[in-house]
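Take a moment to look over the model below. We will walk through it one stop at a time.

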Amino acid sequence: MAWREIKLGVWQILYEPDATREFYASVPPSVCNCANCRNFRANWRVMVPEDQMIIKQFGIDPVYHGEIMLPWRQGEHTLMGYIGIHHFIGKVLASPFTDFTGFHYPAQAGVFSVSFEEEVFAQPKNFPEPCVQLMYGVAVPWLLDDELMTV
């Protein structure tokens, strides 16, 4: 296992993807089957590969691990805003923010916003240290045949 370093925009991150994958392989997946979560998974399959890679490179499978929330609905129709909260083994080496002001909700479909924090919450039980919380927001369409859930 080897530590890696990456610069993503204004963020400098040190991370250990193999150890993160190993941890997640040792715990049962958390899969919610409500319509909102199933819609997120349907969108994940068609999401831009570069956006998927931002999360996957840290050793996270966002479909099965983490917290997905649906905090807003854009417009009158079917554009849904999701927030994902995931954890990986790592450290934030450089951040432009001293608090959680770096995250912005996307305002249009397909826009992907991301933030990294060392002050974490909702991490899996017994998650190894050091831990970084990755939060992202994405606005995506409603793809299911199921009735649109209200927020």
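Glutamine 57 sits in a loop, the one between α3 (49-56) and β3 (67-74). The model is a predicted one. Is glutamine 57 buried or exposed? Its relative accessibility is 14%. The cut-off for buried is under 20%, so glutamine 57 counts as buried. Now look at what surrounds it. Leaving out residues up to four places away in sequence, glutamine 57 touches Ile6, Leu8, Tyr15, Pro17 and Arg21.

Step back for the overall layout. The protein has 3 helices and 6 strands. Along the sequence they follow the pattern β-β-α-α-α-β-β-β-β. There are 151 residues in the protein, and buried ones make up 47% of them. The protein exposes about 8000 Å². Carbon and sulfur atoms supply 54% of that area. Contacts also reach across the sequence. Take the contacts between residues at least 6 apart in sequence: 68% of them join residues at least 24 apart.

Next, follow strand β4, which covers residues 79-94. This strand is mostly covered, with 13 of its 16 residues buried. Which strands pair with β4? One of them is β2 (residues 11-15). β2 and β4 run antiparallel and are joined by 4 bridges. In this pairing, leucine 14 stands opposite lysine 91 of β4. Another partner is β6. β4 and β6 are also antiparallel, and they pair over 11 bridges. Here glycine 84 stands opposite tyrosine 136 of β6.

Stay with tyrosine 136, in strand β6. Its relative accessible area is 0%, so tyrosine 136 is buried. Tyrosine 136 and histidine 86 are 50 residues apart along the chain, yet their C-alpha atoms are separated by 8.8 Å. Their side chains are joined by a polar contact of 3.4 Å.

Glutamine 133 is also in strand β6. Its relative accessibility is 1%, so glutamine 133 counts as buried. A polar atom of the glutamine 133 side chain lies 2.9 Å from the backbone nitrogen of phenylalanine 121. What else does glutamine 133 touch? Not counting residues up to four places away in sequence, its contacts include Ile85, His86 and His87.

Now turn to the nonpolar core. The largest one has 36 residues. Which residues have the most contacts inside it? They are Ile13, Phe58, Tyr82, Phe88, Phe116, Leu134 and Tyr136. Strand β6 gives the most to this core, with 6 residues. Pick out isoleucine 13 and look around it. Setting aside neighbours within four places in sequence, isoleucine 13 is in contact with Phe58, Phe88 and Phe116, among others. Its other contacts include Arg4, Glu5 and Ile6. Lys91, Val92 and Leu93 also touch isoleucine 13.

Finally, consider charged side chains. Side chains of opposite charge can pair when their charged atoms come close. How many salt bridges are there here? The count comes to 2.

One joins aspartate 18 and arginine 21, with a distance of 3.0 Å from N to O. Both residues lie in helix α1 (residues 17-25). They are 3 residues apart, which is about one turn of the helix.

Lysine 91 has a relative accessibility of 37%, so lysine 91 counts as partly exposed. Glutamate 118 has 38%, so glutamate 118 counts as partly exposed too.

Notes
Residues numbered from 1 in each chain as written. Predicted model: local features only at pLDDT ≥ 70, side-chain atom pairs only at ≥ 80, totals over all residues. Heavy atoms only, no water. Salt bridge = Lys/Arg side-chain N within 4 Å of Asp/Glu carboxyl O. Helix = DSSP H or I, 4+ residues; strand = E, 2+ residues; numbered from the N terminus. Buried < 20%, exposed > 50% of the residue type's maximum accessible area, 1.4 Å probe, protein only. Polar contact = N/O pair within 3.5 Å; in protein donor to acceptor, adjacent residues only side chain to side chain. Contact = heavy atoms within 4.5 Å. Pairing = 2+ DSSP bridges. Core = buried A, V, L, I, M, F, W, Y, C linked by side-chain atoms within 4.5 Å. Areas by Shrake-Rupley, 256 points an atom, 1.4 Å probe, with all protein chains shown as cover.
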